Amino acid sequence: MPTYEMPLLIRIMAKPELTTTLKRVAQMIFDKGGFIRKMENFGKKATPYRMSVHERVHKEANYFVFYFDVPPSLTCQLQDEFNRDIDIVRSNILKHGEITPFDCTLNEELLPPPYRPSVQKLMKINEREEKKKEKYKFKHNSGLSYYPFQR
């Protein structure tokens with residue numbers, strides 16, 4: 001099952017009503033055979049524009065994001081149920097990109113710049129470039145007692 005991301009705008013209401021709405025949304029996902037990976041709360045914010053949904057005008061909403069797995073064939077049914085819910089102002093189901101593992105480099109980033117491996121690598125590259133740019137210098141052990149190209 002692919003992972004989906006659902007930004008959800010819920011109308012402004014008291015906390016007990018808000019929790020029952022969130023439980024109802026979660027139960028709809030569970031009823032379709034899905035499971036919730038993560039849920040994020042972005043708090044109460046003003047909407048980008050006035051939204052008129054279910055014969056009400058909304059200027060503010062509670063912003064949530066659900067990350068869940070559900071069979072692809074059932075996303076349309078879920079979206080239809082969310083559109084009919086009077087507490088939900090706006091919802092959209094998007095396919096979430098694959099989560100790729102990465103190496104944590106926090107310890108390296110907290111080091112002072114001269115000790116970071118990435119900075120040391122850049123310093124070595126700079127040294128090589130400077131050696132290439134060096135002009136020919138007069139060698140005093142050439143047998144001449146003077147610099148022949150002096151003006």
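## Basis of the model

Helices (H or I, at least four residues) and strands (E, at least two) are DSSP runs, numbered from the N terminus. By this definition, Glu55 lies in the loop between strands β2 and β3. The structure is a predicted model, in which local features need pLDDT of at least 70 and side-chain atom pairs count only at pLDDT 80 or more, while totals for chains, interfaces and linings use all residues. Residues are numbered from 1 along each chain as its sequence is written, and side-chain values use heavy atoms, with hydrogens and water left out.

## Overall architecture

The protein chain contains 4 helices and 5 strands, arranged along the sequence in the pattern β-α-β-β-α-β-β-α-α. Its radius of gyration is 31 Å, well over the 15 Å that the globule rule gives for 151 residues, so the chain is more spread out than a compact globule. The radius is taken over C-alpha atoms, and the globule rule is 2.2 Å times the number of residues to the power 0.38. Along the principal axes, the C-alpha trace spans about 100 × 35 × 25 Å.

Buried residues make up 28% of the 151 residues; buried means under 20% relative accessible area, exposed over 50%, and partly exposed in between (1.4 Å probe, protein chains only). The chain exposes about 11,700 Å², of which carbon and sulfur atoms supply 54%. These areas come from the Shrake-Rupley method with a 1.4 Å probe; for residues, only the protein chains shown count as cover. Among contacts (heavy atoms within 4.5 Å) with a separation of 6 or more, 69% are between residues 24 or more positions apart.

## Aromatic rings and lysines

The structure holds 1 aromatic pair. Tyr4 and Phe68 form this pair, which is tilted, with 6.2 Å centre to centre and 35° between the planes. The pair links distant parts of the chain, since Tyr4 belongs to strand β1 (residues 3–10) and Phe68 to strand β3 (residues 56–69), 64 residues apart. Both Tyr4 and Phe68 are buried. Rings of Phe, Tyr and Trp (its six-membered ring) pair if their centres lie within 6.5 Å; planes under 30 degrees apart count as stacked, over 60 as edge-to-face and the rest as tilted.

Two lysines lie over tyrosine faces: Lys38 over Tyr67, at 4.9 Å from the ring centre, and Lys45 over Tyr63, at 5.8 Å from the ring centre. The criterion is that NZ of Lys or CZ of Arg is within 6 Å of the ring centre and within 35 degrees of the ring normal.

## The loop between β2 and β3

His54 is placed in the loop between β2 (35–53) and β3. Its phi is near 55°, a positive value in a residue other than glycine. Glu55, in the loop between β2 and β3, also has a positive phi, near 65°. His54 counts as partly exposed because its relative accessibility is 33%, whereas Glu55, at 84%, counts as exposed.

## Glu5 in strand β1

Glu5 is found in strand β1 and, at 22% relative accessibility, counts as partly exposed. Leaving aside neighbours within four places in sequence, Glu5 is in contact with Val65, Phe66, Tyr67, Asn92, Ile93, Leu94 and His96. The side chains of Glu5 and His96 are joined by a polar contact of 3.0 Å. A polar contact is a pair of N or O atoms within 3.5 Å; within protein, one must be able to donate a hydrogen and the other to accept it, and residues adjacent in sequence count only if both atoms are side-chain atoms. The C-alpha atoms of Glu5 and Asp69, 64 residues apart along the chain, are separated by 8.8 Å.

Gln79 is placed in helix α2 (residues 75–84) and counts as buried, at 16% relative accessibility. A polar atom of the Gln79 side chain lies 3.1 Å from the backbone oxygen of Ser91. Beyond four places in sequence, Gln79 is in contact with Ser91, Asn92 and Ile93.

Val89 is located in strand β4 (residues 88–91) and is buried, with a relative accessible area of 6%. Leaving aside neighbours within four places in sequence, Val89 is in contact with Leu9, Ile10, Arg11, Met51, Val53 and His58. Val89 and Pro117, 28 residues apart in sequence, are 49 Å apart in space, C-alpha to C-alpha.
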